[in-house]
Amino acid sequence: SNKRTLRTLFRPAALPPPVISEMSPSQKELLAYHKGKEQQEMINQLLIDRALEVYYISMDETDERDAAPPIMELPSTVRKYFFIKYYLFLKDCVQSNPMIPIQQQWLRSMLAMVPQSLMEGRDRELLTEDLLKEIVRDYEKSMQRCVLRRALIKPDIKELDKLEEEAPLPLLPLGLDFSSTWHDSYIKAKKRIISNLHILHPTMKTLLDFGYAAFFNFLVVDFSSSRLKGPVDCRSLKTDASLSCSKAEDKIMSTWYQRVIHLFTQSEALDGVKLDQLESFYSCVAVLMSNQLKELLQRTTEVFVKLFDPEDRSHLPLFKMDLTFDENKMEFYPSFQDLEEAILFVVDCIGQTLQNFQTIRAWLTGGTATLDAELPAHTVKWAKFTLGKSIRDNLEGPKEHFKGYVESYGWLVDGTAEERINRFIAEQPSFDEYT
């Protein structure tokens, strides 16, 4: 008969010849155990391959679809490995089928829900592309797993779980209730904000407009054109800074502060504010005014520090320094330390400005409370550190200049030249040597 059977397909296993060596009985027993285990694994693999071949051949030669395949005649151990390999084969077939791609309309709908401000800039565009690719990968993976679970029933075999290291499907979020609408809670929150958050009051908007009109193009101290005026000495720098701060304070007092006072002397300024909310309302006014003054001082400090930017020296101020000689000693006047102190004095002068403005509540009731317009400590620390480094870098040139003078002419003033002359005269040289 030409029909293949299990006997004709399975060849007898040829075991390797025994190894004869000088070993103890226990070693021989251990070696035989290991070899037997390896041979059993090799035999199992051969059985699985042969079983697959028999199964495919029998399915081709069988006319009746309900005929029992020859695989059922195999031992249970071999049959288990056959089912594993056959399941993995069917799984590969299912996974190799093309999946329905995600619709572009879905991706556009997702992007439409993201605010436009979060998608501006090159980095944001690259991030958006990466997120869309991740969404597509997750979608295809989920679709593939869904089709696989609907098409195949996974055999209940423990060894198969080790071969398929698959992460579990994501669970639905727990503790979130999406059944109730958000509109009612939104309206309640909005009413509560309007009744308690005084920054939404129309008077606050007017106060903001006053501050913007008065401060948007104004600086307490402005030395941006100092370089055009030529070198300035340290004393003049301190004087100019003090006068500028004093004039700025008077100007703000007579313009911005007077407009704010006039605003709150009108009854319309407190429309809608209940009597028990007056204290919190005026506290909000004080905070807003304080923030405007602090922003002005901070911006002035930043502009002054930027004059000493090492990468842009077009606005770097020029300072007058004299090279002096007194009591057989050469030095710069003012000293490098005095120059640094004069420049840092400007920062302190800016920070001490606008510190005596009364709060609106105090002005109306005759109190003494003042607005908190103190320059933040971290801003002062940053400004002095940056200026100190820039000053030291810019003084490297004068230091080298001074060093050159000392090396070239120091011997004339430190007694060396006088000693050489006295020694020369004491030697009583000839006329030619004198010449």
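How are α10 and α11 oriented to each other, roughly parallel or roughly antiparallel? This is a predicted model, in which local features need pLDDT of at least 70, side-chain atom pairs count only at pLDDT 80 or more, and totals for chains, interfaces and linings use all residues. Residues are numbered from 1 along each chain as its sequence is written, and side-chain values use heavy atoms, with hydrogens and water left out.

Two packed helices are described by the angle between their axes and the distance between the axes. The two helices are DSSP runs (H or I, at least four residues), numbered from the N terminus.

| Helix | Residues | Residues in the contact |
|---|---|---|
| α10 | 256-264 | Trp256, Tyr257, Val260 and Phe264 |
| α11 | 278-306 | Phe281, Tyr282, Val285, Met289, Gln292 and Leu293 |

Contact means heavy atoms within 4.5 Å. The axes, lines fitted to C-alpha atoms over the stretch in contact, come within 13 Å and cross at roughly 165°. Angles between N-to-C directions run from 0 to 180 degrees, and those over 145 count as roughly antiparallel; α10 and α11 are therefore roughly antiparallel to each other.

Isoleucine 252 belongs to helix α9 (residues 234-254). At 2% relative accessibility, isoleucine 252 counts as buried, the term for under 20% relative accessible area with a 1.4 Å probe and protein chains only. Beyond its neighbours within four places in sequence, isoleucine 252 has contacts that include Phe215, Tyr257 and Leu354. The C-alpha atom of isoleucine 252 is separated by 7.9 Å from that of alanine 214, which is 38 residues apart along the chain.

Technical notes: Buried < 20%, exposed > 50% of the residue type's maximum accessible area, 1.4 Å probe, protein only. Parallel < 35°, antiparallel > 145°, perpendicular 65-115°, else oblique.
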